[in-house]
Amino acid sequence: MTTPLLEVSNLNVSYGPIAAVRGISFCVNAGELVTIIGANGAGKTSTLNAITGLAPVASGTISFDGTDLLSLPVERKARLGIGVSPEGRRVFGDLTVRENLIAGGISLPVRQAEARIDTLVERFPILKERIDQESGTLSGGEQQMLAIARGLMTSPRFLILDEPSLGLAPKIVSQVFELVQQLNQEGVSILLVEQNVRKSLAIAHRAYVMELGQIVRDGDASSLAADPTIHQAYLGAA
Ligand code: ATP
């Protein structure tokens with residue numbers, strides 16, 4: 001058996017007395033698109049933030065391609081090939097699109113960053129049009145595209161996406177999911193957290209279901225999508 005690209009074991013995340021993530025273990029293999037689903041407050045964002053270093057890990061291990069992530073500073077994670085598009089998009093509204101992209105590739109030499117921007121705007125034409133515009137003036141969908149593009153600045157082989165479709169119009173939601181699937185088909189391994197469970201299961205290979213800080217189910221995304229319990233709990237209204 002090959003070693004997973006990302007391997008999380010017995011992870012616990014606590015905010016003071018609040019145990020947000022309670023002893024979860026999961027993995028993402030190279031080439032996979034894996035989604036974590038679950039209700040609000042289940043601990044999905046805390047799990048992603050533990051990987052990126054933003055949430056307080058109480059115990060457990062997280063390894064990426066055999067390297068212990070918990071002992072690495074953030075910039076070293078980018079160098080390992082991990083890209084992140086955080087929840088709430090977090091684009092810098094008073095910076096231009098170009099400046100936001102540069103911020104995503106802060107560890108790159110200037111020439112390389114510029115070349116990467118040239119490549120990325122071909123893929124995101126709307127960003128090309130808006131390249132010198134302040135990001136705060138972009139629509140929600142455009143800001144989301146920018147957040148994903150920013151996460152791609154370092155040409156990651158593994159991308160962490162937290163709620164990329166949150167608050168977007170249905171047509172834009174479909175575009176975001178198509179993009180995520182395309183990136184995966186091009187070889188980027190992806191860990192996706194999404195409230196749009198139906199669409200996530202449709203593009204993912206495997207899924208984990210979180211409830212109250214624990215993983216309560218996991219399996220092939222298609223089997224979970226067809227499972228009546230999952231259907232009732234997470235797909236009823238979607
Ligand atoms: P959502 O979809 O609402 O973001 P989630 O599944 O991502 O939900 P988390 O955001 O990880 O869940 O939250 C898990 C639990 O941890 C919740 O009870 C939440 O209130 C709590 N929590 C999250 N962040 C903090 C924090 N910074 N300080 C204290 N408690 C927190």
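Visitor: Where should I look to see two helices meet, and at what angle do α6 and α7 cross?

Guide: In this predicted model, the axes of helix α6 (residues 140-151) and helix α7 (residues 170-185) come within 10 Å and cross at roughly 15°. Angles under 35 degrees count as roughly parallel, so α6 and α7 are roughly parallel to each other. The crossing of α6 past α7 is right-handed.

Visitor: Which residues of α6 and α7 make the contact?

Guide: From α6, look for Gly141, Gln144, Met145 and Ile148. From α7, find Ile172, Gln175, Val176, Leu179 and Leu183. Six of these contact residues are nonpolar, three are polar and none is charged.

Visitor: Now the sheet. How do strands hold on to one another?

Guide: Strands of a sheet pair through backbone hydrogen bonds, in a parallel or an antiparallel way. Here four strands form an open sheet, ordered β2-β1-β4-β5, with antiparallel pairing. At the edges are β2 (18-28) and β5 (67-68), each pairing on one side only. Strand β1 (residues 6-15) pairs with strand β4 (residues 57-64) over six bridges. To see how they line up, find Val8, which stands opposite Ile62 in β4.

Visitor: Where is Asp65 found?

Guide: Asp65 is in the loop between β4 and β5. Asp65 is partly exposed, with a relative accessible area of 44%.

Key
Residues are numbered from 1 along each chain as its sequence is written. This is a predicted model: local features need pLDDT of at least 70, side-chain atom pairs count only at pLDDT 80 or more; totals for chains, interfaces and linings use all residues. Side-chain values use heavy atoms; hydrogens and water are left out. Two strands pair if DSSP finds at least two bridges between them. Axes are lines fitted to C-alpha atoms, for helices over the stretch in contact, and angles run from 0 to 180 degrees between N-to-C directions. Angles under 35 degrees count as roughly parallel, over 145 as roughly antiparallel, 65 to 115 as roughly perpendicular and the rest as oblique. A crossing is left-handed if the near helix is turned anticlockwise from the far one by less than a right angle, and right-handed if clockwise. Contact means heavy atoms within 4.5 Å. Ala, Val, Leu, Ile, Met, Phe, Trp, Tyr, Cys and Pro count as nonpolar, Asp, Glu, Lys and Arg as charged, and the others, Gly among them, as polar. Buried means under 20% relative accessible area, exposed over 50%, partly exposed in between (1.4 Å probe, protein chains only).
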